[in-house]
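Dear colleague,

Please find below the structure that I am handing over to you. A summary of the findings follows it.

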Amino acid sequence: MGTSKEAFRFVDLFAGLGGFHVALDELDGRGVFAAEREPKLKALYKVNFGIDAWGDLNELSGDEIIALNVPDHHVLTAGFPCQPFSKAGDQLGFEDTDQGNLFFKVHDVLRVKRPQHFILENVPNILKHDGGRTRITIIRLLEELGYSVKVEHFSPHDFGIPQVRDRAYFVGSLQGLDHFEWPAKHKDPTEIQWVLRHEGQSTRAIPEQTLRAIDMWGDFLRRSPASLKLPSFPIWAMEFGATYPYLDETPAGVWVRRPVRGLRRMGFKGSFGQSLDCSFDEQLTRIPSHANRLGDLNFPQWKRTFIRQNREFYQANRHWIDPWIARWSPQSFPSSFQKMEWNAQGEDRDIDNFVLQVRASGLRVKRPTTSPSLIAFTQTQVPILGANLAGERRYMTPAECAELQCLGGIQLPASDIDAYKALGNAVNARVVKAIAERLLHGLIRPTSDLEPLRVTG
Ligand SMILES: C[S@@+](CC[C@H](N)C(=O)[O-])C[C@H]1O[C@@H](n2cnc3c(N)ncnc32)[C@H](O)[C@@H]1O
């Protein structure tokens with residue numbers, strides 16, 4: 001990396017692996033400052049880009065410190081931490097004192113250094129968070145600094161990269177955004193094969209139980225009659241054979257109303273038709289985990305719908321599902337393996353043709369056109385390739401995941417677990433490049449043509 005040309009200067013806040021850096025370097029930008037709190041990533045940034053990154057941005061704790069330490073630049077980039085705004089988090093937003101207020105650090109640097117342009121990235125839920133108020137606040141605060149601001153969301157698969165990863169991008173400019181148009185989204189199909197490397201694979205072995213769960217659902221698909229359209233709702237095997245109440249009353253409601261006997265002698269059945277004429281503790285284990293929480297006196301409509309759909313599906317298909325249950329005992333698997341999401345309607349039903357992902361919501365089976373979004377917080381959700389895609393069932397390697405993020409040219413963290421995590425946090429370099437090309441078109445030229453930078457400090 002690195003280039004002798006310097007069309008513009010940029011800073012990379014919350015730098016991580018440096019997805020923004022890779023993109024702007026390709027446009028002949030020069031990184032003049034980066035900040036990354038995680039020591040291993042900070043060290044890696046030096047290896048990849050030759051920059052000694054600042055550590056904790058909270059330590060840029062005042063205008064003078066910012067003015068002194070952050071060099072003048074034309075473009076600020078920041079993928080500020082997304083957990084406070086993510087659907088997967090607790091959604092505290094700006095009130096998350098550790099992470100949520102880091103947007104204000106970005107705001108401080110913009111206010112003090114006044115770069116011409118910025119590009120910010122976050123999860124798409126930030127646009128809807130707190131009923132849209134978070135988005136409105138961010139835009140208002142940036143506009144008050146004199147920036148014109150636009151926001152849009154993109155996924156790498158809109159740019160011919162086989163990963164679905166929707167992200168929100170805010171762009172801003174002190175020169176107005178009349179000239180700016182978002183890049184067009186491509187509709188061309190993609191193939192996960194494009195990023196697979198077939199030699200020298202050594203990945204973490206898939207746990208035995210996961211392999212068995214894949215075999216179990218593979219057999220489910222094989223047994224399903226070809227003439228049957230498989231459900232597009234999540235398949236919840238634990239609802240097969242269940243009749244416990246879920247509409248006017250819930251199991252928790254019965255336990256309140258009949259504290260001694262609970263569901264006993266009411267004629268209901270639990271998961272897989274199990275009797276509920278048993279102790280309270282046993283009743284709890286025979287009601288699916290999505291329905292046995294004490295205090296859940298009403299189920300939301302979506303849950304009622306999934307329960308009803310699964311029970312109806314089972315009743316109409318018992319002739320082939322019952323032998324499947326007898327063969328595999330799905331009740332012996334953890335709850336997440338008792339669920340399957342079939343996202344490949346109309347395809348051949350060989351599970352090894354697909355990309356698989358183990359999620360709390362079940363085993364997701366996806367067409368091999370795209371990978372699911374890489375995520376940072378757990379290694380168990382690394383995409384698994386079916387044997388017909390990769391020669392054997394295996395996890396995608398860090399190098400392949402790097403290709404999904406268009407970060408194939410940089411050194412990755414040494415341990416796989418650190419690499420998957422950093423890649424799950426990273427911004428896709430090609431998406432950034434496509435946006436930056438349009439935003440910076442007036443800047444992408446030799447330095448000698450640039451306005452001199454304002455001198456500070
Ligand atoms: C969403 S990731 C951004 C990843 C980056 N855009 C990339 O392409 O890899 C947020 C990053 O901010 C870092 N971070 C979180 N809090 C920070 C802080 N207070 N100061 C500096 N870095 C921080 C995290 O370690 C993480 O690497």
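In what order do the six strands of the open sheet run? The order is 7-8-10-9-11-12, with mixed pairing. Before the details, two remarks on the source are in order. Residues are numbered from 1 along each chain as its sequence is written. This is a predicted model, in which local features need pLDDT of at least 70 and side-chain atom pairs count only at pLDDT 80 or more, while totals for chains, interfaces and linings use all residues.

Helices (H or I, at least four residues) and strands (E, at least two) are DSSP runs, numbered from the N terminus. Two strands pair if DSSP finds at least two bridges between them.

The open sheet

The edge strands of this sheet are strand 7 (235-236) and strand 12 (394-395), each of which pairs on one side only. Strand 7 runs antiparallel to strand 8 (residues 339-343), and two bridges join them; W236 is placed opposite K339 of strand 8. Helix 6 (residues 208-223) packs on the sheet and touches strand 8, strand 9 (355-359) and strand 10 (362-366). Contact here requires C-beta atoms, placed from the backbone, within 7 Å. The direction of helix 6 makes about 60 degrees with that of strand 10 (axes are lines fitted to C-alpha atoms, for helices over the stretch in contact, and angles run from 0 to 180 degrees between N-to-C directions).

Strand 1 (residues 8-13) is largely enclosed by the rest of the structure, because six of its six residues are buried. A residue is buried if 20 or more other C-beta atoms, placed from the backbone, lie within 10 Å of its own. In a regular strand the side chains alternate between the two faces of the sheet. Here F8, F10 and D12 lie on one side and R9, V11 and L13 on the other, and all are buried.

Strand 1 pairs in the parallel sense with strand 2 (residues 29-35) over six bridges. F8 faces G29 in this pairing, and R30 is the bridge partner of R9. Five of the seven residues of strand 2 are buried. On strand 3 (residues 75-78), strand 1 has a parallel partner joined over four bridges, with F10 opposite V75.

The ligand

The ligand is surrounded by 22 residues, the closest being F14, G16, G19, G79 and A426; a residue counts as near if its C-beta atom, placed from the backbone, lies within 6 Å.

With kind regards

Methods:
Buried ≥ 20, exposed ≤ 12 C-beta atoms within 10 Å, placed from the backbone. Contact = placed C-beta atoms within 7 Å.
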